[in-house]
Amino acid sequence: MKCIKCGAELKQGCLYCSVCGYESQILPDYSVLEDDYLRSLLKEENGTDTTEQKESEQTKKQKKSDNPYRLLLIILCCLLLFGIAAGIGVKLYIDEQNANSYDYQMEMAQKEETEGNYDEALAYYNAALVIQPNDVEARTFMADIYMKQKNYDSALVLYMEIIKLDETNREAYENLITIYEEKGEYDSILALSDDVKEADILELFQPYLVAPPIISPLGGDYEDSLIVTLFSLKGYDIYYTIDGTEPDTMNGILYRDDNIEFEDAGDYELKAVCINEKGISSEVATAQYHVEENPPSYPSVSPDGGEIWGETYVTITAEENCSIYYTWDGSDPTEASAKYMEPLLVPEGNNVLSVLVVNDKNGLSSEIYRSNFIYVPQ
């Protein structure tokens, strides 16, 4: 055992060192070299800790010196993010305002239309109509674009909506007439004019309004044959029928300024229309006629009987389209009797001239004419 203080050998059983008097303690045996080696290790270890401690302190100092710049960077980043967020918010707000702004949609639509971007312009006009569904102006601009594109069906729908919203819109009527004429739908032009009340708009339809023909004489009851004439105020073609069917260019007779004759007795329904150079038909003019079957009148006989003292010829005349039959013996003449062809020589003696007139068209006969002739030669 050795003294822990001076390193002297302790005698066995001694409680104090005989050299330095320090209380003895039990220590493990080790050499001075070992002790020196341990001390050197402790110094190195302490030196390392001191270096690391110094380095740690320097790092802390460096971090402390860097803290203000890092804080400033963080603040700048936060401000940048806030600015971006604010910008996005403002843009979203502006977009929302524009989406709900009729004026903005119209402005953008006209800008796109001016640049020839018709699809984009139509999209903006549609957005404007969502905001103001009864707007006429947006519909007018859209219809104009469709007219430029020759998309007549889409333009027609818009112009019809416009005149429902504004029945005094002359431009809409003008374009509708143009569309219908382009499509050859003249009946649609006439139908469009039915509800027009404004005089200046009605003027637009004058070239398409064809007056019906004038029929003369008017319908009614007539005796004997009847002659009817037709007339167009503007010289349009006239087509007619006499059997009650509807007249047109296919099912009708073209009137040639000649007379329409109803020679036979019966009932007739005359229908006639005027058709202009565009192929537009007028309303149908109608006249109903009842023609009665009247027999011919008495013939005209000259001389009209009596005493005759010399050779005499009798002249007989009757209505047109009639034949004349006669007898001298007082019997009733028929179509089998002698037919009058030239003046008759009065026979000698006391004779009764009997004359019958027969209508060659309807076969009706007149009453019998009788006259007494007394011829005594001198």
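Student: Where should I start?

Tutor: Strands are DSSP runs of E, at least two residues, numbered from the N terminus. This is a predicted model, where local features need pLDDT of at least 70, side-chain atom pairs count only at pLDDT 80 or more, and totals for chains, interfaces and linings use all residues. Residues are numbered from 1 along each chain as its sequence is written, and side-chain values use heavy atoms, with hydrogens and water left out.

Student: How many bridges join β1 to β3?

Tutor: In general, strands of a sheet pair through backbone hydrogen bonds, either parallel or antiparallel. Two strands pair here if DSSP finds at least two bridges between them. Three bridges join β1 to β3 (residues 226-231), and the two run antiparallel.

Student: What is the strand order in that open sheet?

Tutor: The order is β1-β3-β6, three strands with antiparallel pairing. β1 (214-216) and β6 (260-262) are the edge strands, each pairing on one side only. From one strand to the next, the twist averages 25 degrees. Axes are lines fitted to C-alpha atoms, and angles run from 0 to 180 degrees between N-to-C directions.

Student: Which strands pair with β8?

Tutor: β2 (residues 220-223) pairs with β8 in the parallel sense, over four bridges. β7 (residues 266-275) pairs with β8 in the antiparallel sense, over seven bridges. Look at Val-291 in β8: Tyr-222 has Val-291 as its bridge partner, and Gly-266 stands opposite Val-291.
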